[in-house]
Amino acid sequence: MKPQPSPLRKRRVHSWPVRICHWINLLAMIGMVMSGWGIYNADPIFAFTFPQNTTLGGWLGGNIAWHLAVMWLLAANALFYILWSFFSGHFRRDFLPFSPGSVWRDTVRALTFKLPHKLGQYNAVQKLMYSGVLVLGVLLLLSGLSIWKPVQFSGLVWLFGGFDIARYVHFFAMSGVMLFVIIHVLMVLLVPKTFVAMLTGGKKISTEESADE
Ligand code: HEM
């Protein structure tokens, strides 16, 4: 039998769960990173500390209190976003597929300012970066659990190769997210209309049928 084309329906460039989760995530990330830098400063693993005015909480107890409080907001938001994106087909439709070839092609196009941007359609670099930042988030969660409750999560600590290595993994995953944010914001600055669409939802576009808005 001939395969039938998927039915088309209208949806916004960014549906409301994506927008709400994205901006809550940004706020939570700022809280996590700033309080995390304060915790790091109390016992640095490298030969530098973060400036006091970029930390949140005032002192180690305050840093930890903020980190653990904001963690719950981040976790609830991430859980909702991941479940919704999975079951609505958002991940499958918008984050996949991509390949080394398509990422290389779009990277070259982006660096030579020849990459066209169609609202509501991610290029291969974006697909790789958004999938990659999710993986970094999982790594942050697992390494964070290991250094928060090393006794209860001793199996995880063992998987990381020990408490100290879990601390390095946590630090480098945070650095990876920071690198992501720098490139991500530069890409948004190149195509400012994407920012407006991430705030308002943008206009309605035709898309494959899904449970999405
Ligand atoms: C920790 C910080 C951030 C993370 C982890 C993050 C992550 C993401 C992810 C995963 C997406 C894809 C969303 C989806 O379709 O489900 C996205 C899209 C987007 N983000 Fe961020 N983001 C961050 C910060 C920012 C900031 C600071 C800005 C504003 C300058 C921004 C502006 C945007 C825009 C405009 C899009 C849509 C891009 C497009 O339509 O081509 N993000 N972000």
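Trainee: In which loop is F113 found?

Mentor: Please keep in mind that this is a predicted model. F113 has a phi near 55°, a positive value in a residue other than glycine. As for its place in the chain, F113 is found in the loop between helix 4 and helix 5.

Trainee: What pattern does the chain follow along the sequence?

Mentor: The C-alpha trace of the chain spans about 60 × 40 × 35 Å along its principal axes. Its secondary structure comes to 8 helices and 2 strands. Read along the sequence, these elements follow the pattern β-α-α-α-α-α-α-α-α-β.

Trainee: How is helix 1 oriented relative to helix 2, roughly parallel or roughly antiparallel?

Mentor: The axes of helix 1 and helix 2, the latter being residues 60-88, come within 8 Å and cross at roughly 155°. An angle over 145 degrees counts as roughly antiparallel. Therefore helix 1 is, relative to helix 2, roughly antiparallel.

Trainee: How many nonpolar residues does the contact of helix 1 with helix 2 have?

Mentor: Helix 1 passes helix 2 in a left-handed crossing. By class, their contact has 8 polar and no charged residues. The number of nonpolar residues in this contact is 19.

Trainee: Is helix 1 roughly antiparallel or oblique to helix 7?

Mentor: Helix 1 and helix 7 pack at an angle of about 135°, with their axes 12 Å apart. Because of this angle, helix 1 is oblique to helix 7. The crossing of these helices is left-handed. To return to the term you asked for, the arrangement is oblique.

Trainee: Which helix gives the most to the shell around the ligand?

Mentor: Several helices each supply at least two residues of this shell: helix 1 (16-42), helix 3 (90-95), helix 5 (124-148), helix 7 (163-190) and helix 8 (193-200). The one that gives the most, with 6 residues, is helix 1.

Trainee: Why does the ligand lie between domain 1 and domain 2?

Mentor: Domain 1 covers residues 14-93, and domain 2 covers residues 96-191. The ligand lies between them because residues of its shell come from both domain 1 and domain 2.

Trainee: How many residues of the shell around the ligand are charged?

Mentor: The shell residues divide by class, with 14 of them nonpolar and 8 polar. The number of charged residues in the shell is none.

Trainee: Which side chain has an N or O atom 2.5 Å from an oxygen atom of the ligand?

Mentor: Of the 22 residues around the ligand, H22, Y81, H90, Y122 and H184 come nearest. A polar side-chain atom of H90 lies 2.6 Å from an oxygen atom of the ligand, and for the side chain of Q126 the distance from an N or O atom to a ligand oxygen is 2.8 Å. The side chain with the 2.5 Å distance is that of Y81.

Note on methods:
Residues numbered from 1 in each chain as written. Predicted model: local features only at pLDDT ≥ 70, side-chain atom pairs only at ≥ 80, totals over all residues. Heavy atoms only, no water. Near = heavy atom within 4 Å. Polar contact = N/O pair within 3.5 Å; in protein donor to acceptor, adjacent residues only side chain to side chain. Helix = DSSP H or I, 4+ residues; strand = E, 2+ residues; numbered from the N terminus. Nonpolar A, V, L, I, M, F, W, Y, C, P; charged D, E, K, R; others polar. Domains from an automatic or database assignment. Axes fitted to C-alpha atoms, helices over the stretch in contact; angles between N-to-C directions. Parallel < 35°, antiparallel > 145°, perpendicular 65-115°, else oblique. Left-handed = near helix turned anticlockwise from the far one by under 90°.
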